[in-house]
Amino acid sequence: MNKQILVTRSSMPPFDEYVEEIRPLWESHWLTNAGVEHEKFRSGLGEYLGVGENVELFVNGHLALECALKALELGADGRDEVITTPYTFASTTNAIVRCGLKPVFVDVKPDDLTIDPALVEAAITSRTCAIMGVHVYGNLCDVDAIQRMASAHELKVVYDAAHAFGVRKGNAAAASFGDASMLSLHATKVFHSVEGGAVCFRDSAVRDRLRAWRNFGINPKTGEVECAGGNAKLDEFRAAMGVVNLRHVDDWIADRARAEARYRERLEGALGVRLFEPTPEVSLNHIYMPVLFNPDKFGATRNDVLEALAAHGIRARRYFYPLTSDFPCYRGVFNPGDYPIAREASVRVLTLPLYEGLSNEDVDMICDVVLGCMR
């Protein structure tokens, strides 16, 4: 077949709207270094997320996460262990390691594949400096339990919230939890600035340190280089894309919800197929469509389904596979048998295509192929 359906597709605003947003750049010639569009985007994003001024922008989510770890001064007191999960994207683990810290992996909860608070508490030692949770597929970690433990042991809490843009728990935005939360604004996410990232933070004193780590270590008030920072600034063109996309993101999320509802109509109740159930108090962003296959009941493996979809021009994704603890660069460092729930999920979960504009007819075609794999 000629038609290709990818696992995701970048949402795009009206072309003329973006052109009008960037038109003033030809007059100002100010293309980077916190120009008008950068500050307009930062202000609008803070308002949308409910964090006010406590947000800073970065060129991508990975460098945003690294700068957050540096700005929180993790490891400065000699404690260097960060309790986290191997069920995540490479960036999470790599950021910890690249900041000179040691990841301590614990398993995830079977209901939503986020980090298990009970195992976190058991893993805390005198060398623990922080807990890094990962909000998975828009499902939020148990933020209340994690914060109680962190407060009791005087630990920092950082969230990889790359999947959680726009997600809310009650009246609180996902970005508001922890000492810092990193958002990915990559083109494949629900909301994007082409490439980009953001850090939302609790203590406003963190702001200057974030800005220094983002800009070669230059203290924004004194102009002196006070740390070995890098270059992680967001330029004006990408900031402008963020400004425009903020006007449309709620409509995009609503359309994703429509497509996800269609998937649920077709797949819920199928033998050997498990869909993750939303938490009642959490409003989701419908960023991914993860399906967990039980080959003993379904009669086919996740990889069988992946291959069948590919034969029909449909690109699904094994997300997350493998566990970050199994990467060649970390092989031999961690015990593969320590995370049985995460490991099982890594070989059973397949994320199906989901994006704004995916038609019900395309969802039906995808589901037909999936269900056709049942034996």
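This is a predicted model: local features need pLDDT of at least 70, side-chain atom pairs count only at pLDDT 80 or more; totals for chains, interfaces and linings use all residues.
Along its principal axes, the C-alpha trace spans about 70 × 55 × 40 Å.

Here are some whole-protein values side by side.

| Property | Value |
|---|---|
| Residues that count as buried | 55% of 375 residues |
| Contacts joining residues at least 24 apart, among those between residues at least 6 apart in sequence | 72% |
| Accessible surface belonging to carbon and sulfur atoms | 52% of about 15,800 Å² |

On the charge side, there are 40 positive and 51 negative side chains. The centres of those two sets lie 3 Å apart.

As for secondary structure, the count comes to 14 helices and 13 strands. One piece to look at is an open sheet of three strands, ordered β7-β6-β11 and paired in the antiparallel sense. The edges are taken by β7 (172-173) and β11 (282-283); each has a single partner strand, so one side of each is left without a neighbour in the sheet.

Zooming in on that sheet, β6 covers residues 168-169 and pairs with β7 over two bridges, again antiparallel. Which residue of β7 does K169 stand opposite? That would be A172.

Note on methods: Residues are numbered from 1 along each chain as its sequence is written. Side-chain values use heavy atoms; hydrogens and water are left out. Two strands pair if DSSP finds at least two bridges between them. Helices (H or I, at least four residues) and strands (E, at least two) are DSSP runs, numbered from the N terminus. Buried means under 20% relative accessible area, exposed over 50%, partly exposed in between (1.4 Å probe, protein chains only). Contact means heavy atoms within 4.5 Å. Accessible areas come from the Shrake-Rupley method with a 1.4 Å probe; for residues, only the protein chains shown count as cover. Lys and Arg count as positive and Asp and Glu as negative; His and the chain ends are not counted. The place of a charge is taken as NZ of Lys, CZ of Arg, CG of Asp or CD of Glu.
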